[in-house]
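Dear colleague,

Please find below the structure that I am handing over to you. My notes on it follow directly after.

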Amino acid sequence: MNSKKVLIIAYYWPPAGGPGVQRWLKFVKYLPEFDIEPIVYCPQNPNYPIVDESLLNEIPKDVTIIKQPIKEPYQLASFLSKKSSKKISSGVIPKAKKQSFVEKMMLYVRGNFFIPDARKNWIQPSVAFLSNYIRKNSVNTLITTGPPHSMHVIGLILKQSLNIKWITDFRDPWTTIGYHKALKLTKSSQQKHIELETEVLNSADEIVVTSNHTKNEFETKTNKPISVITNGYDTHSVRVEEKDVKFTLSHIGSLLSDRNPKVLWEVLSELISENESFSKAFQLNLIGVVSDDVLESIHNSGLKNHTNIVGYVSHDDAIKFQMQSRLLLLIEIDSEDTKAIIPGKLFEYLISETPILAIGPDDSDVQQIITKTNTGVYFNYNQKEKLKIQILEYFEAYQKNSLNVNAIGLQPYSRKALTERLSAIIKAM
């Protein structure tokens, strides 16, 4: 049986680090098992804010990967401020009142001169190259994954010129995602984003999203079929001998300026001052990029001596932290817009055999998954006393060596099961 060829246009690909790259790395890994041949198109010289060389080892040996050069403004912006450029490109945007003049200028230029995003200069060269490649190699299905949403614009133009079958994969929303509002957009720029989003949503043959909230949002903007395929977990060979000796609460991933749960820092500060045993045993691990605003809040709460700032680590090392920790922390911004956001790390948290302590907006997709799988407890930002009671209960279980989790219903979130769902969409086209 001949495999069906699928061309995947992705900006993030190893050695890029972070959760964005892993979604399609895993799809590409398993698609051949369902008689689909993936062909990956990605930049030759990208300016990735996070690099994880270990992910190169996970690329299937026989997959076709096509690379073309890209010109990116962040390389030029780094001449003005390397630190600010790296922060903004990785999504860490300081609060408006703390932004320097250079940062304000960068955000304004990024938002209004680079629509839909800073990879817009790759659109036309990619269309020119891929138009010939698709014709010569009998590719009949195209998939674009964003953000960056320039990938979807590439798909839009190819769809219009070649009439190829096209699936758009939205790992995050477009005009409603949190950082979109921080870009200092003019009214005309905001309108251009809305028009592009509308055209993409109404031109694609199929739309794939990662959360039910995003599906509900897009259903108000298009009549095209929309499927929810979340991120997931994959098998791994990482093993740990035992859990941490200390009562460790670990957050893996970025803590942006607005992802700052001051209610949690207050609770931890109170427990440390009220409970000597807790004070001696507790440690907060921060693995990944942490904004200065978050660090300031932590230090102001008197938690500096209880905080271990690790920084970015490889994917395997991140899994080790998950498995060794006593509790895993998951934080989302307290906003209506973030109910649709499901961090990729959640699914690895699910299989870590470590309880999850999550804080975010009410009725989020994250809350539904944690509750459904019995993998932890979810709190709103106004549930301070309940949060405090729960952490103390976890601590008492830790003292008795009985702190564990009994997860249920995880199999649908395996990368292979999710890829099977994607393959069914591709084959039906």
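This is a predicted model: local features need pLDDT of at least 70, side-chain atom pairs count only at pLDDT 80 or more; totals for chains, interfaces and linings use all residues.

Residues are numbered from 1 along each chain as its sequence is written, and side-chain values use heavy atoms, with hydrogens and water left out. Helices (H or I, at least four residues) and strands (E, at least two) are DSSP runs, numbered from the N terminus.

Strand β4 (residues 141-146) is mostly covered, with 6 of its 6 residues buried (under 20% relative accessible area, 1.4 Å probe, protein chains only). In a regular strand the side chains alternate between the two faces of the sheet. In β4 both faces are covered: Thr-141, Ile-143 and Thr-145 lie on one side, and Leu-142, Thr-144 and Gly-146 on the other.

Strand β4 pairs in the parallel sense with β1 (residues 4-9) over 4 bridges; pairing requires at least two bridges found by DSSP. Ile-143 of β4 is the bridge partner of Ile-8. Strand β5 (residues 165-170) also runs parallel to β4, joined by 6 bridges, and Phe-170 in β5 stands opposite Gly-146.

In helix α11 (residues 292-300), the buried residues are Asp-293, Val-294, Leu-295, Ser-297 and Ile-298. Their cover includes α9 (262-274), β9 (282-287) and β10 (307-309). Just after α11, Gly-302 has a positive phi of about 80°.

Terms used
Buried means under 20% relative accessible area, exposed over 50%, partly exposed in between (1.4 Å probe, protein chains only). Contact means heavy atoms within 4.5 Å.
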